[in-house]
Amino acid sequence: MTTYPRTWAEVDLAAIRHNLSEIRSALAPETMIGLVVKADAYGHGLIPVSRMALRSGADWACVATVQEGVALREAEIDSPILVLAPALELEAQQVVFYDLRSQIESFDIARALSKAATEQGRIAKVHIKIDTGMSRFGVQPSEAKELAVRIASLPNVEIEALSSHFAFGGGPRDYTAWQFERFREAVCEIEAAGIKPRIRHIGNSAAVVRFPESQMNMVRVGILAYGISHVGDTPLDLRPALTWKARIMALRELPAGRKIGYNCTYETSRSSRIATLGVGYGDGYHRALSNQGSVVIRGKRAPIRGLVCMDQIMVDVTDIPDATVSDEAILLGSDIPATELAALVGTTPHEMPTRIMSRVPRTYRGQ
Ligand SMILES: Cc1ncc(COP(=O)(O)O)c(C=O)c1O
């Protein structure tokens, strides 16, 4: 039976395909694209996005966790998969069994992977992660060569890549340039010790457009591929891939002076038509958008009135007189960019699609 969800997200896979080809045009031919599909592909859907992208421009899938990597393998995706966040020694058997590449910063995890790989008769491929200035994860550059030499001596382990991560989205180039220099120096030292991994990667979306000289032979790109630029204007023609919608569930006419929502944070200043939409923070709609955000109904903006509830928000449709129950409202997409909502609540645009919860069904087109 057809269902009519009160809120849903429409994902245009053709837009992601298009964005990947735009990104590709900004890269050297030998540079591989690792599409970052962690956190359910930033809310766009891990499996459908990865399945399409790995056939259409992405060379690698980058996930945050071993579990996400396993989910991709179970969906019969056989492309290279990189687990970005630290894997635990406890996970070594799984990492090897599912042929996941892990970023590692210590000899202990390398030894656990070597043991698992030897037992399983496989090769564990590792990416030595170097902390050049993000201070989150990775071996210090001064210790990277020694770690690489020790790992190279382990049985059934291949050092496939050296990697790092930039701290700045689109901010000052100085720090990014400093990180890049530290990375290059560490790579040179490791190579001078006779260890020459075939891949080097440090760049993310911001670096692709703001620091392209850092692309090396692989970049790990997330947000740009979803059609969102968090670094302002770019020469790339990006198309937002996700449109989040909700329906008007109820409508009321209110006199001037009437309060709206929990804690009475809004009072009508005129006679108003208020629509109640079937979406709330329980679906991932940011509560900080209360009295700040707006939605689009019948091509016009309708401002949010009062606090965002768990399952509803109230919007002002006084100036949209033909708005009616069951009308669609656009919450996020080309008409309401993630950058706009993120600026209102003081967060990164990455968070906007990523926070859309699993009770919001996704529909797909453009396969
Ligand atoms: C290690 C790592 N690489 C790459 C990315 C992709 O970043 P972006 O979506 O800004 O391209 C992320 C995202 O957070 C990350 O954590």
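## The largest nonpolar core

In this predicted model, the largest nonpolar core contains 112 residues, and those with the most contacts inside it are L113, I128 and A329. Helix α6, which spans residues 107-120, supplies the largest share of this core, namely six residues. Because domain 1 (13-226) and domain 2 (242-336) both give residues to the core, it lies between them. In soluble globular proteins, nonpolar side chains tend to be buried together.

The surroundings of A329 can be listed in detail: leaving aside residues up to four places away in sequence, A329 touches K245, A246, I248, L277, V295, V296, I297, A302 and V315.

## Overall architecture

The protein has 367 residues, of which 49% count as buried, and its secondary structure consists of eleven helices and 18 strands. Its C-alpha atoms fill a box of roughly 80 × 50 × 40 Å when the box is taken along the principal axes. Among the contacts in the protein with a separation of 6 or more, 65% are accounted for by residues 24 or more positions apart.

The division into domains gives domain 1, covering residues 13-226, and domain 2, covering residues 242-336. Taken over C-alpha atoms, the centres of domain 1 and domain 2 are separated by 41 Å.

## The ligand shell

The residues around the ligand are V36, L84, H165, N204, S205, A206, R220, V221, G222, I223 and H350. The elements that give two or more residues to this shell are helix α9 (205-210) and strand β9 (218-221). By class, the shell is made up of five nonpolar residues, five polar residues and one charged residue.

## Helix α4 and its two sides

Helix α4, residues 66-74, has V66, E68, G69 and L72 among its residues, and these four are buried. They cover an arc of only 160° around the axis, and therefore they lie on the same side of α4. Q67 and E74, by contrast, are exposed on the other side of the helix.

After α4 comes E76, whose phi is positive, near 65°.

## Positive phi in two loops

Most residues other than glycine have a negative phi. S135, although it is not a glycine, has a positive phi of about 55°, and this residue lies in the loop that runs between strand β6 (124-129) and helix α7 (141-152). With 8 other C-beta atoms within 10 Å, S135 is exposed, since a residue counts as exposed if 12 or fewer such atoms lie within that distance.

C264 is a further residue other than glycine with a positive phi, in this case near 50°. Its place is in the loop between strands β11 (259-260) and β12 (266-267). C264 is likewise exposed, with 11 other C-beta atoms within 10 Å.

Conventions
Residues are numbered from 1 along each chain as its sequence is written. This is a predicted model: local features need pLDDT of at least 70, side-chain atom pairs count only at pLDDT 80 or more; totals for chains, interfaces and linings use all residues. A residue is near a molecule or strand if its C-beta atom, placed from the backbone, lies within 6 Å of it. Ala, Val, Leu, Ile, Met, Phe, Trp, Tyr, Cys and Pro count as nonpolar, Asp, Glu, Lys and Arg as charged, and the others, Gly among them, as polar. A residue is buried if 20 or more other C-beta atoms lie within 10 Å of its own, exposed if 12 or fewer, and partly exposed in between; C-beta atoms are placed from the backbone. Two residues are in contact if their C-beta atoms, placed from the backbone, lie within 7 Å. Domain bounds come from an automatic or database domain assignment. A nonpolar core is a set of buried Ala, Val, Leu, Ile, Met, Phe, Trp, Tyr and Cys residues joined through C-beta atoms within 7 Å. The arc is that of the directions from the helix axis to the C-beta atoms.
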